[in-house]
Amino acid sequence: MIVVLPQPPLLVPELAGAAAAETADLRDACRRAAARLGAAASTWVAVGADAAGRRTVDPDTRGSFVGFGADVVVALDPSSTAPVDPHLPLPLLIAGWAAAGAGARVRGELVAPDASPRECAELGASLADEPVGLLVVGDGSAKHTLKAPGHLDERSGPFDDAVAAALHDADPAALAALDPELGRELWAIGRAPWQVLAGAAAGRAWTGELLYSGAPYGVGYHVAVWTP
């Protein structure tokens, strides 16, 4: 099974503040998707993008959301007693938060935000035969409104509509065809992880479910589940 989640820190109730009610549907969709992945597999590989580039993060890792306003500690393995890394990248913090509710153990696979489609596809292909659940973490465009982090770019709507359609239809080829330069210009941090997903899913038939797609606060968030 493959699950796609966004990575806003406000998913964590302690960090949501006044946004808790407005984002309740998003949070619920993420929890439902993670629960389904946990029911399918107790070991996950979480794919996300980080500026430090390509690397693997061992399950025996803990991190904290302290840099986002609250010292909420998460672990990639529930049994981990490792020192807390206050700089654990956001997609893996979200993966740890999701895994905590599902009782899963997570290995992180990080890529550079500007990784080429070919690099992403190769990483995805290397993950395709692992007997694990695949958790893909990343946001759509951060330029949907004038008050969005990147202000308004009219191309954001069509871009995230295309992502939502690809996730709904379980269409790896459509994700693989996303333009990396457009994704960069639209601040869509999920572009590279979604193209890793495309590489992992290629050549197999999938059923897609889009549990959530929207742009609260001007950022595109998608929650999806793919089953073979």
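This is a predicted model: local features need pLDDT of at least 70, side-chain atom pairs count only at pLDDT 80 or more; totals for chains, interfaces and linings use all residues.

Modeller: Let's start with Trp187, which counts as partly exposed because its relative accessible area is 47%; buried means under 20%, exposed over 50%, and partly exposed in between, using a 1.4 Å probe and protein chains only. Residues are numbered from 1 along each chain as its sequence is written, and side-chain values use heavy atoms, with hydrogens and water left out.

Back to Trp187: this residue sits in the loop between α7 and α8 (191–201). Helices here are DSSP runs of H or I with at least four residues, strands are runs of E with at least two, and both are numbered from the N terminus. The backbone at Trp187 has a positive phi of about 60°, although Trp187 is not a glycine. Most residues other than glycine have a negative phi. His151 is another non-glycine residue with a positive phi, of about 65°, and it lies in the loop between β8 (133–137) and α5 (156–169).

Side chains of opposite charge can pair when their charged atoms come close. Arg184 counts as exposed because its relative accessibility is 53%, whereas Glu181 is partly exposed at 36%.

A search of the whole structure finds 11 salt bridges. Arg155 pairs this way with Asp153, at 2.8 Å from N to O; Arg155 is partly exposed at 38%, while Asp153 is buried at 15%. Arg55 pairs with Asp50, with the closest N and O atoms 3.0 Å apart. There, Arg55 is partly exposed at 28% and Asp50 is buried at 17%. There's also a network of salt bridges linking Arg54, Arg107, Glu109 and Glu130.

Asp50 and Arg54 both turn up again around Val111, a residue that touches Gly48, Ala49, Asp50, Gly53, Arg54, Leu123, Ala192 and Val196, leaving aside residues up to four places away in sequence. Touching, or contact, means heavy atoms within 4.5 Å. Val111 belongs to strand β7 (residues 105–111) and is buried, with a relative accessible area of 4%. Between Val111 and Gly69 there are 25 Å in space, C-alpha to C-alpha, and 42 residues in sequence.

Next, have a look at Ser64 in strand β4 (residues 62–64). Ser64 is buried at 2% relative accessible area, and its side chain makes a polar contact with the side chain of Asp71 at 2.5 Å. A polar contact is a pair of N or O atoms within 3.5 Å; within protein, one must be able to donate a hydrogen and the other to accept it, and residues adjacent in sequence count only if both atoms are side-chain atoms. A polar atom of the Ser64 side chain also lies 3.0 Å from the backbone nitrogen of Val66. Among the residues that Ser64 touches are Val73, Asp85 and Leu93.

The strand holding Ser64 is part of an open three-stranded sheet with the order β5-β4-β6 and mixed pairing. β5 (73–75) and β6 (84–85) stand at the edges, each with a single partner strand, so one side of each has no neighbour in the sheet. Strands count as paired if DSSP finds at least two bridges between them; β4 and β6 have two, in the parallel sense, and Gly63 has Asp85 as its bridge partner in β6.

Zooming out, the protein chain has eight helices and 10 strands. Its radius of gyration is 16 Å, close to the 17 Å that the globule rule gives for 228 residues, so the chain is as compact as a globular protein of that length; the radius is taken over C-alpha atoms, and the rule is 2.2 Å times the number of residues to the power 0.38. Of those 228 residues, 54% count as buried.

Terms used: A salt bridge is a side-chain nitrogen of Lys or Arg within 4 Å of a carboxyl oxygen of Asp or Glu.
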